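Here is a short briefing on the structure shown below.

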Amino acid sequence: MIICTILTGGLYTLYWGFKNWDIYQKATNDDDVVPYFRAMFFNWTAVSLFSKINDITETGKSYMFYGLACLLIFAAEITICHSVMTEILDKDMVLRYGIILFLLMLIYPFFLVPVQISINKYTTEILKKPLEKEFYPWEIIISVLGIVMNLFVWGVFLDAYARF
């Protein structure tokens, strides 16, 4: 999960969000939850998902901090990319933004790890389902698209940096 999230620039989290909203929907039979829709807006629905995971896994832990961290990191990444693409920045500022974006992309998946550990424990102990260890076609497609998207984002940064 960490490697896929970093390599895809966060796009993998959409698939991750879908899989976990799907687990929640099946575990609770909540027909109001549409995993595809919630996954499309994962960074906005992460707080709700993490709260619901806390409820169904009965760990007593709050994952609110992790959901808010994911949302804030996503907002910072969007803001940085927007600034680089639309504002006139000097070479040093582009480099600083690039470093900050890179660091945010590296730390983002680590806010998902505690939640994933709880989900894994819940699915194996409560739902009695083995952990999935192979890659599925959607995971491969999303990963390839995410890597291309990630390369594009970094290409924009390199282009902005090279203009100086």
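## Helix α2 and the overall fold

The buried residues of helix α2 are Y12, T13, Y15, W16, G17, F18, N20, W21, D22, Y24 and Q25. Buried means under 20% relative accessible area, exposed means over 50%, and partly exposed lies in between (1.4 Å probe, protein chains only). The model is predicted: local features need pLDDT of at least 70, side-chain atom pairs count only at pLDDT 80 or more, and totals for chains, interfaces and linings use all residues. Residues are numbered from 1 along each chain as its sequence is written, and side-chain values use heavy atoms, with hydrogens and water left out.

**Whole chain**

- The protein has eight helices and zero strands. Helices (H or I, at least four residues) and strands (E, at least two) are DSSP runs, numbered from the N terminus.
- From the N terminus on, the order of elements is α-α-α-α-α-α-α-α.
- The C-alpha trace spans about 55 × 30 × 25 Å along its principal axes.
- Of the 164 residues, 40% count as buried.
- The accessible surface is about 9,900 Å², and 68% of that belongs to carbon and sulfur atoms. Areas come from the Shrake-Rupley method with a 1.4 Å probe; for residues, only the protein chains shown count as cover.
- Take the contacts between residues at least 6 apart in sequence: 73% of them join residues at least 24 apart. Contact means heavy atoms within 4.5 Å.

**Helix α2 in detail**

- Helix α2 covers residues 12-28, 17 residues in total. At 1.5 Å a residue it should span 24 Å, and its end C-alpha atoms are 24 Å apart, which agrees. The expected span is 1.5 Å times one less than the number of residues.
- The cover over the buried residues of α2 includes α1, α3, α4 (42-57), α7 (113-125) and α8 (137-162).
- N29 follows α2 and is found in the loop between α2 and α3.
- Phi of N29 is near 55°, a positive value in a residue other than glycine.
- N29 counts as exposed, because its relative accessibility is 62%.

**Salt bridge**

- The structure holds one salt bridge. The term needs a side-chain nitrogen of Lys or Arg within 4 Å of a carboxyl oxygen of Asp or Glu.
- The partners are K26 and D22, at 3.0 Å from N to O.
- Both lie in helix α2, four residues apart, about one turn of the helix.
- An α-helix has 3.6 residues a turn, so residues three or four places apart point the same way.
- K26 counts as exposed because its relative accessibility is 53%. D22 counts as buried because its value is 16%.

- T5 lies in helix α1 (residues 2-7). At 1% relative accessibility, T5 counts as buried.
- Beyond its neighbours within four places in sequence, T5 is in contact with G10, Y12, T13, Y108 and P109.
- S143 sits in helix α8. Its relative accessible area is 13%, so S143 is buried.
- Beyond its neighbours within four places in sequence, S143 is in contact with C4, T8 and Y12.
- S143 and L49 are 94 residues apart along the chain, and their C-alpha atoms are separated by 22 Å.

**Cysteines**

- The count of disulfides is zero. C4 is in none, and the nearest cysteine sulfur, that of C70, is 16 Å away. A disulfide is a pair of cysteine sulfur atoms within 2.5 Å.
- C4 counts as buried, because its relative accessibility is 12%.

**Nonpolar surface patch**

- V34, Y36, F37, M40, F41 and W44 form a nonpolar patch on the surface, with about 710 Å² of accessible area together.
- Patches are made of residues with over 30% relative accessible area and no salt bridge; like charges are joined within 9 Å, nonpolar side chains (Val, Leu, Ile, Met, Phe, Trp, Tyr) within 5 Å.
- Helix α3 (residues 35-40) gives the largest share of the patch, three residues.
- F37 is found in helix α3. With a relative accessible area of 51%, F37 is exposed.
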